[in-house]
Amino acid sequence: MKILSLLFTLAFALFANDGAHEFAPSKDCQTCHTQIYDEYYGSMHANSTPDKDAIHKVIWDKHPHNTKLEQYSCGKCHTPAANNLDKMLTKGEKAMPDVNNKTHQEAISCAYCHRIQDIEKHKQSNTNIMSKTMKSYFSSKSSSDISKENLKESSYHKIITTQNEHFKNGNVCIGCHSHNVNQFELNICSTNENEVMNYANCVSCHMPKVKGSASTVNDTKTHSFHGFAGAHFNHEMLEKHIVISIQKNSDDFNIFVDNQTSHALLMHPLRLAVLKISVVRANKTIELEKEVFVRVIGKDGKPAMPWVANEVIKDTMLKANEKRTINRAFRIESDDRVDVVLGYFLVNPVALDSLGLKENKAATEFHLLKKESFKF
Ligand code: HEC
Ligand code: HEC
Ligand code: HEC
Ligand code: HEC
Ligand code: HEC
């Protein structure tokens with residue numbers, strides 16, 4: 001039955017191609033979902049295009065799909081609401097990102113995400129199966145839930161009553177985030193290292209419930225945060241999932257960094273995380289050796305671009321649910337204070353120059369994720 005319905009969906013996808021790949025602009029949602037709209041516009045989902053994300057642009061500028069094929073294949077995940085997405089994904093067709101095309105500027109839009117009906121698993125990267133109906137949106141609630149809660153329904157759109165479990169269990173995210181495997185079968189970036197999402201999932205961690213109404217029509221007290229807490233923005237909302245503790249021994253000490261997340265601490269291969277450790281003794285600060293967490297991909301033992309890389313040449317990144325022990329051969333005395341700072345760079349500082357990102361604030365800034373002080 002499931003296979004049959006999937007076949008139908010696929011057949012529809014083929015027949016109903018162009019017309020159906022049309023989404024209401026996010027601006028339409030603003031009057032009624034004001035707070036959600038404001039949060040969303042400050043998130044990477046609204047800013048995932050080459051002209052809004054300088055880091056994405058520098059990599060795209062060097063990519064052979066740009067320099068040779070003139071085909072923005074990145075659009076599958078970075079501008080999925082584009083009206084010419086099919087061309088972006090068809091070999092031989094030329095389709096570049098266009099600042100003047102409004103559907104490109106919609107990036108990962110409200111209506112796009114809320115029309116994800118199912119996720120089809122593939123080896124290279126998954127594919128979102130989209131509902132063909134305009135202005136009918138999935139969520140974890142159904143219209144009957146909404147009437148039970150005595151909420152007024154929208155005069156603008158319908159809420160779909162079935163097949164919405166993906167919005168609750170986090171699978172709605174894995175069409176784009178699960179994995180991205182290149183032609184050498186190297187997984188560039190993935191969240192699927194640990195498929196078992198134990199006490200939380202993508203949605204509950206990255207879209208926690210926050211104060212404020214989901215719409216101006218009803219007063220719902222809380223809504224799911226649409227600023228998508230992540231490496232660029234709002235990471236302070238995620239720090240609780242990383243727990244840092246310390247153990248003093250007679251001649252040395254251990255720091256434990258417990259990544260309680262279902263994926264590696266950072267996933268994109270451009271990233272570099274650092275744990276800074278210092279001891280404050282009688283108003284003097286003694287800096288100890290830093291610990292670096294990084295996953296470098298490359299070829300012939302040297303770092304290389306994602307479309308060239310065929311191996312992982314170094315991987316010290318904190319894995320999913322890993323508790324790492326970091327030892328320092330330093331004797332802690334009474335009245336010492338140990339300061340530990342965990343943070344990261346969006347772009348590994350050694351790559352800034354060759355990527356032309358030395359002047360870019362987001363790329364060069366040290367983003368502080370977590371800070372702890374331990375007194376003895
Ligand atoms: C005329 C006002 C109005 C407009 C415009 C509007 N909505 Fe809604 N929407 C509502 C109301 C009312 C609800 C019912 C529940 C509530 O108040 O949260 C709702 C609920 C939803 C839900 C499900 C909520 C739940 O409680 O699970 C989604 C998803 C949604 N809207 C998406 C959108 C998107 C996407 C747009 C823009 C393309 C949009 N809406 C535009 C009024 C509106
Ligand atoms: C299968 C979906 C998918 C495709 C296809 C894809 N990306 Fe991405 N990309 C993502 C996701 C998801 C992220 C966020 C990863 C993270 O933050 O860990 C991302 C992030 C990035 C980043 C980091 C941006 C930043 O601001 O730090 C760069 C650079 C990037 N992608 C380049 C590209 C380029 C260039 C292409 C096309 C040649 C491409 N991507 C195709 C899903 C995709
Ligand atoms: C990347 C995917 C994604 C995008 C983009 C997105 N949403 Fe959501 N939205 C979700 C998920 C997941 C939920 C939480 C599950 C649920 O309650 O349905 C949600 C919940 C909602 C709800 C239900 C109320 C709540 O907050 O619990 C409304 C209304 C809504 N979204 C409207 C919007 C609007 C309007 C936009 C654009 C301004 C938008 N969404 C953009 C994925 C997305
Ligand atoms: C249509 C594809 C797509 C879907 C669906 C999607 N994402 Fe993303 N997401 C992306 C891309 C592409 C980026 C990177 C944008 C960039 O950096 O330019 C991204 C970035 C992010 C980031 C990093 C934000 C930051 O500040 O660095 C987080 C967190 C995230 N997504 C969470 C989610 C969650 C949670 C869901 C499911 C509710 C989801 N995404 C669904 C494509 C998608
Ligand atoms: C237990 C909470 C938790 C769960 C579950 C979780 N994340 Fe995260 N996520 C985090 C934390 C903590 C970080 C690291 C801090 C940061 O980058 O903001 C992070 C970072 C990210 C980033 C940015 C990484 C980078 O390299 O730029 C993306 C994208 C992301 N998560 C997507 C997802 C998706 C998609 C899922 C579901 C498959 C998911 N997360 C599940 C807590 C969680």
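Donors here are N, O and S atoms within 2.8 Å of the metal. With that in hand, meet this predicted model. Two of its iron atoms, in ligands 3 and 4, each get a pair of histidine donors from the protein. There's also a nonpolar core of 38 residues to look at.

**Iron of ligand 4**
- H45 and H177 both use their NE2 atoms to coordinate this iron, at 2.0 to 2.1 Å.
- H177 is partly exposed because its relative accessibility, 43%, falls between the 20% and 50% cut-offs.

**Iron of ligand 3**
- Here the protein donors are NE2 of H114 and NE2 of H226, again lying 2.0 to 2.1 Å from the iron.
- This pair also links distant parts of the chain: H114 is in helix α9 and H226 is in the loop between β8 and β9, 112 residues apart.
- H226 counts as buried because 13% is under the 20% cut-off, whereas H114, at 25%, is partly exposed.

**Nonpolar cores**
- In the largest core, the residues touching the most other members include F253, I255 and L342.
- Elements giving two or more residues to this core include α4, β10 and β17.
- Beyond its sequence neighbours, F253 is in contact with residues including I246, I277, L288 and V338.
- Another core of 19 residues lies apart from that one, with A81 and V203 among its members.

Methods. Residues numbered from 1 in each chain as written. Chains lettered and ligands numbered in written order. Predicted model: local features only at pLDDT ≥ 70, side-chain atom pairs only at ≥ 80, totals over all residues. Heavy atoms only, no water. Core = buried A, V, L, I, M, F, W, Y, C linked by side-chain atoms within 4.5 Å. Buried < 20%, exposed > 50% of the residue type's maximum accessible area, 1.4 Å probe, protein only. Helix = DSSP H or I, 4+ residues; strand = E, 2+ residues; numbered from the N terminus. Contact = heavy atoms within 4.5 Å. Donors = N, O, S within 2.8 Å, 3.2 Å for Na, K, Ca; no water. Lists of a residue's contacts leave out its neighbours within four places in sequence.
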